[in-house]
Amino acid sequence: MNNRTDHGFLILADVSGFTAFVTTTELEHGSEIIAALLDEVVEHLSPLEIQEIEGDAVFALGGEASPLPKTRLLEVLEDAFAAFKTRQRAMQAVETCFCGACQQTGTLDLKMVVHHGPFLRHTVGGRNRVTGTAVILVHRLLKNGLGRKGGYALLTEPVLRSLGIDAAEAGLPAHTEHYEHLGDVRCFVRDLTHSTLSPLGRGQGEGLRHPQAIA
């Protein structure tokens with residue numbers, strides 16, 4: 001077993017409304033819809049390392065050796081969200097099936113959780129895995145108390161610190177979660193639904209410096 005410590009970004013892109021969708025709609029069409037939407041997310045997160053598809057979520061990494069400049073991280077997340085919504089609207093526009101799954105495609109959304117920290121890479125059964133407190137934390141953050149509808153990105157304080165983004169200037173509201181054994185986790189919320197990132201400002205986070213873009 002080969003172990004080595006890496007350090008960087010851990011990203012979970014999770015389909016909101018998944019449980020209600022799959023438990024109340026036809027399995028065959030429902031799984032096809034989720035797969036198509038996740039395909040878009042995976043494709044647009046591909047500048048990062050796709051670690052795992054976890055049911056309704058994509059787990060991606062941006063380690064120290066990542067070819068993606070960290071100044072482009074937020075741009076990649078925004079692009080993945082936009083691709084998800086574009087594919088969703090396109091599916092709705094051409095849908096002629098009246099089954100529950102096809103008619104409820106619009107109830108789905110995408111949320112992203114991002115943390116920055118150390119994690120251990122190791123091999124289990126011939127497959128590359130990551131573990132550590134940072135991995136646990138980013139997964140715990142999927143279950144948060146925001147209670148928001150619509151797409152959003154929940155960025156931990158270490159993420160903003162690594163990207164050199166001032167939360168107050170960027171208009172990102174603060175949010176704190178508390179987890180057993182992990183304590184208080186200070187985060188900041190980016191509303192993806194009303195994103196107004198400009199092509200010129202996205203690389204350095206300038207596109208985040210407009211409070212009116214935040215719901």
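**Burial, bridges and cores**

Student: Glu 78 and Arg 190 are both described as buried; what makes a residue buried rather than exposed?

Tutor: The word rests on relative accessible area, with buried meaning under 20%, exposed over 50% and partly exposed in between, using a 1.4 Å probe and protein chains only. Both Glu 78 and Arg 190 fall in the buried class. This is a predicted model, in which local features need pLDDT of at least 70 and side-chain atom pairs count only at pLDDT 80 or more, while totals for chains, interfaces and linings use all residues. Residues are numbered from 1 along each chain as its sequence is written, and side-chain values use heavy atoms, with hydrogens and water left out.

Student: How do you know that the side chains of Glu 78 and Arg 190 meet in a salt bridge?

Tutor: A salt bridge needs a side-chain nitrogen of Lys or Arg within 4 Å of a carboxyl oxygen of Asp or Glu. For Glu 78 and Arg 190 the N to O distance is 3.3 Å, so the pair meets that criterion. Because Glu 78 lies in helix H3 and Arg 190 in strand S8, this bridge ties together parts that are 112 residues apart in sequence. Helices (H or I, at least four residues) and strands (E, at least two) are DSSP runs numbered from the N terminus.

Student: Which parts does the pair of Asp 109 and Lys 85 tie together?

Tutor: Asp 109 belongs to strand S4 and Lys 85 to helix H3, so this pair joins parts 24 residues apart in sequence. Their side chains form a salt bridge at 3.6 Å, N to O, and both Asp 109 and Lys 85 are buried.

Student: Why is Arg 129 called partly exposed?

Tutor: Its relative accessible area is 27%, a value that lies between the buried and exposed limits, so the intermediate label applies. Arg 129 also forms a salt bridge with Glu 52, whose closest N and O atoms are 2.3 Å apart. That bridge links distant parts of the chain, with Arg 129 in strand S5 (residues 127-131) and Glu 52 in strand S2 (residues 49-54), 77 residues apart. The whole structure holds 11 salt bridges, and Asp 6, Glu 49 and Arg 121 are linked in a network of them.

Student: Why does Lys 111 count as buried?

Tutor: Its relative accessibility is 13%, so Lys 111 is on the buried side of the limit. Lys 111 lies in strand S4 (residues 109-124), and a polar atom of its side chain lies 2.8 Å from the backbone oxygen of Leu 142. Leaving out residues up to four places away in sequence, Lys 111 touches Leu 12, Ala 13, Asp 14, Ser 16, Leu 142 and Tyr 152, where contact means heavy atoms within 4.5 Å.

Student: What is the relative accessible area of Val 41?

Tutor: The value is 0%, so Val 41 is buried. Val 41 is part of helix H2 (residues 27-45), and, not counting residues up to four places away in sequence, it touches Ala 13, Val 58, Ala 80, Phe 84 and Leu 110. The C-alpha atoms of Val 41 and Asp 79 are separated by 8.7 Å, although these residues are 38 apart along the chain.

Student: What makes a set of residues a nonpolar core?

Tutor: The members must be buried Ala, Val, Leu, Ile, Met, Phe, Trp, Tyr or Cys residues joined through side-chain atoms within 4.5 Å. The largest such core has 42 residues, among which Leu 45 and Met 112 touch the most other members. Helix H3 (residues 73-94) gives this core its largest share, eight residues. A second, separate core of 21 residues includes Ala 134, Tyr 152, Leu 154 and Val 185.

Student: Why does His 181 count as exposed?

Tutor: Its relative accessibility is 74%, so His 181 is above the exposed limit. His 181 sits in the turn of the hairpin that S7 and S8 form with three residues between them. Its phi is near 75°, a positive value in a residue other than glycine. Most residues other than glycine have a negative phi.

Notes:
A polar contact is a pair of N or O atoms within 3.5 Å; within protein, one must be able to donate a hydrogen and the other to accept it, and residues adjacent in sequence count only if both atoms are side-chain atoms. Two strands pair if DSSP finds at least two bridges between them.
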